[in-house]
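Hi,

Here is the structure I promised you. Have a look at it first, then read on for what I found in it.

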Amino acid sequence: MSSSVSVPRLVIAAPSSGSGKTTVATGLMAAFAARGLVVSPHKVGPDYIDPGYHALATGRVGRNLDAYLCGSELVGPLFAHGARGCDIAVVEGVMGLYDGAAGEGELASTAHVAKLLRAPVVLVVDASSQSRSVAALVHGFASWDPEVRVGGVILNKVASDRHEELLREALDSAGVPVLGVLRRVAQVDTPSRHLGLVPVAERRAEAVDAVAAMAAQVSAGCDLEALVGLARGAGALSCAAWDAAEVLGSSPPPPLPVPTLGAAPPDPRFRPEGPRPQTPDGLKAPVVAVAGGSAFTFSYAEHAELLTAAGAVVVPFDPLRDEQLPDGARGLVIGGGFPEVYASELSANEPLRKAIGELALSGAPVAAECAGLLYLCRELDGLPMCGVLDASARMSERLTLGYRDAVAVSDSALAVAGTRMRGHEFHRTVVEPGSGAAPAWGVRAPQRRVEGFVQQGVHASYVHTHWASQPGVARRFVERCRTS
């Protein structure tokens, strides 16, 4: 079934990383929300952290649009799914405008996603070390691909009124309007560490202040009316919104609570309180526990939606605080995050470590990605972890980063051997050994290798995947929860 999506939308891009995309995108989201608009927040690529700031700015769950992980054909439907009922959508780009998956041309670049969404692009330019040259830079980006519509530029890190005057004078000849000028403001800066920005969950109060500062700076320095007008000029998008229940062919799950505008959004892993629903055969739906809290902040909202549509009750828990798994848990999902930062606290929670070990030993399905893999190991940086896997983990100086083509090597609670999925790795840790007797995935890049662990119901790996690309993994996982 096809339909037309006409939500006004903008893509916020830049010539390179570090130009200020996150500040501008998050500030715009918050500024639009403050005007009473319902704003749909999106992020190009696999990044989990920026969407947390977007969620604070809008009161809605931040969602990713990744043409590599999910395929080009799902970018429009996933966008339409997230933008349902919204007045405007803001999409933050990744890296430079034309930078995509290595060796894959434009695939998964901001430009690629902008074309798939038929959305105008606003180019954020770090003008701190240039004046007249800005015109050549903007002209090059605007003319490189005729299918990419660069509708305006926002100048960032402008030093003075005189500097702004020189930049505007130069850009008059480039034919791209200046839609905003921002000066450097210290309180807008957000702290970073080994894998990028510190997630919102770890600095809630400071993050709220930072988002408010971004909104104030963008409101003062940008032409919001012109930006809304540009967004309204986006072409209609012909596609049906993605729907977890439809792709799984099941009945719709109960809706999530509607967030209050400007407030932190509901965690997509929470379900409304009430009695557990029943499956068509009259059995109670299995409970799937999903790790959250400050140590496990990486997840895609669609995963919980798929699990719910497959018939599970998704219940979050915090391994830093909860000493037991949620009542009746028959499955466990542990996504990405920063267990290395909280290793002492995780190790000290011995009752929960024991409960997770017992659940895994019972044969219940456990899906663990990256941080989850580390948590299931025998130890992390010398501190005891859950001991589900006979492996040790430690911090490393080397950054492992990149998209992965993956093939399931062993039958597991997620997939049958031979299932192909695309994934992403992003970590500064090492697990030794890197795979078990039954590996999880075979990957082709950066070199051919097997990695991860499949044992009993456990599937543990460094590779992050997006289940919307293979929704059957959610159904298979929930079915295993019922039968294990």
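One cut-off before we start: a residue counts as buried when its relative accessible area is under 20%. Keep that in mind for helix α10, residues 301–309, where 9 of the 9 residues are buried, so the helix is largely enclosed by the rest of the structure. Please also remember that this is a predicted model.

The average pLDDT for the protein is 90, and 89% of the residues score at least 70. The stretch to watch is 255–275, where the pLDDT is below 50, although this stretch still has 47 contacts in the model beyond near neighbours in sequence. Where pLDDT is low, the predicted coordinates should not be read in detail.

**Back to the enclosed helix**

The buried residues of α10 include Ala301, Glu302, Glu305 and Leu306. His303 also sits in this helix, and it counts as buried because its relative accessibility is 12%. What does His303 touch, leaving aside its neighbours within four places in sequence? Its contacts are Thr465, His466 and Trp467. Another pair you could look up is His303 and Ala244: they are 59 residues apart along the chain, and their C-alpha atoms are separated by 9.1 Å. After α10 comes Gly311, with a positive phi near 110°.

**The parallel sheet**

Asp126 has Asn156 in β7 as its bridge partner.

**A helix pair**

Helix α2 has a helix partner too. Helix α1 (residues 21–34) packs with α2 at an angle of about 20°, and their axes are 8 Å apart. That makes α1 roughly parallel to α2. On the α1 side the contact is made by Thr22, Thr26, Met29, Ala30 and Ala33, and on the α2 side by Asp50, Tyr53, His54, Ala57 and Thr58. The crossing of α1 past α2 is right-handed.

A few spots to check by eye:

- Glu432 and Pro433 are joined by a cis peptide bond, with omega about -5°. Pro433 lies in the loop between β19 (420–432) and β20 (441–443).
- Ala108 is not a glycine, yet its phi is positive, about 70°. Ala108 lies in the loop between β5 and α4 (110–117), and is buried, with a relative accessible area of 4%.
- Arg118 has a positive phi of about 50°, and it is not a glycine either. Arg118 lies in the loop between α4 and β6.

Ser392 is in strand β18 (residues 392–408). Is Ser392 buried or exposed? At 15% relative accessibility, Ser392 counts as buried. Not counting residues up to four places away in sequence, Ser392 touches Arg378, Glu379, Val430, Val431 and Glu432.

Val458 belongs to strand β23 (residues 458–461) and is buried at 1% relative accessibility. Residues up to four places away in sequence aside, Val458 touches Ala360, Val366, Leu376, Val388, Leu389 and Phe453. Between the C-alpha atoms of Val458 and Ala440 there are 9.5 Å, and the two residues are 18 residues apart along the chain.

Cheers

How values were computed: Residues numbered from 1 in each chain as written. Predicted model: local features only at pLDDT ≥ 70, side-chain atom pairs only at ≥ 80, totals over all residues. Heavy atoms only, no water. pLDDT = per-residue confidence, 0-100. Contact = heavy atoms within 4.5 Å. Helix = DSSP H or I, 4+ residues; strand = E, 2+ residues; numbered from the N terminus. Buried < 20%, exposed > 50% of the residue type's maximum accessible area, 1.4 Å probe, protein only. Pairing = 2+ DSSP bridges. Axes fitted to C-alpha atoms, helices over the stretch in contact; angles between N-to-C directions. Parallel < 35°, antiparallel > 145°, perpendicular 65-115°, else oblique. Left-handed = near helix turned anticlockwise from the far one by under 90°.
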